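Okay, thanks for coming, everyone.

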Amino acid sequence: MSERDVFEYALLRVVPRIERGECINAGVLVYCRAKSFVAARTHLDERKLLALDPDADVAGVRAALTAVEGVCAGGAAAGQAASDDAGRRFRWLIAPRSTVVQPGPVHTGLTADPAAEAERLLGLLVR
């Protein structure tokens, strides 16, 4: 059995009408300090989103999810966060905000492969 490391994750939720509080899961953020790993995996179910709000800005939500993926990736895609380490980028992304795309609570676990864990959680909690 390979060595497992602690990781943290949070769901990315889309709340199209803040006043109603209804949401759908549209992604997952995964951070593993031991591996200096941070990543976002996203999947937007337009049908579910439009069921909650027929006037939802689908393109805007997709752009916000893509921006989260860019911050996780680092480099030029991360904008001002480009020089931050993986932990700082994760902490910035999980900070509470009242926007259409919001992070959920942070949970922890153990994994030998944080990238595979991100895919597993996306399949389990989002798709």
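Let's begin with aspartate 5, which is buried at 12% relative accessible area. Buried here means under 20% relative accessible area, exposed means over 50%, and partly exposed is in between, with a 1.4 Å probe and protein chains only. Bear in mind that this is a predicted model, where local features need pLDDT of at least 70, side-chain atom pairs count only at pLDDT 80 or more, and totals for chains, interfaces and linings use all residues. Residues are numbered from 1 along each chain as its sequence is written, and side-chain values use heavy atoms, with hydrogens and water left out.

So what does aspartate 5 pair with in a salt bridge? Its side chain meets that of lysine 35, at 3.0 Å from N to O. By salt bridge I mean a side-chain nitrogen of Lys or Arg within 4 Å of a carboxyl oxygen of Asp or Glu. Aspartate 5 sits in strand 1 (residues 5-14) and lysine 35 in the loop between strand 2 (24-32) and strand 3 (37-42), so the pair ties together parts 30 residues apart in sequence. Helices (H or I, at least four residues) and strands (E, at least two) are DSSP runs, numbered from the N terminus. Lysine 35 is partly exposed, at 42%.

How many salt bridges are there in the structure? Nine. Another one joins glutamate 46 and arginine 62, with the closest N and O atoms 2.8 Å apart. Glutamate 46 belongs to helix 1 (residues 46-52) and arginine 62 to helix 2 (residues 58-73), so this pair links parts that are 16 residues apart in sequence. Both ends are partly exposed: glutamate 46 at 35%, arginine 62 at 36%. Then there's aspartate 45 with arginine 47, at 3.9 Å between the closest N and O atoms; arginine 47 is exposed, at 63% relative accessibility.

Now the greasy part. A nonpolar core is a set of buried Ala, Val, Leu, Ile, Met, Phe, Trp, Tyr and Cys residues joined through side-chain atoms within 4.5 Å. The largest one has 25 residues, and Val14, Leu29, Leu44, Leu49, Val61 and Leu65 have the most contacts inside it. Strands 1, 2 and 3 plus helix 2 and helix 3 (86-94) each supply at least two of its residues, with helix 2 giving the largest share, six.

Look at valine 61: leaving out residues up to four places away in sequence, it touches Val14, Leu44, Leu49, Val100 and Val101, where contact means heavy atoms within 4.5 Å. There's also a second, separate core of 12 residues, including Val30, Cys32, Ala118 and Val126.
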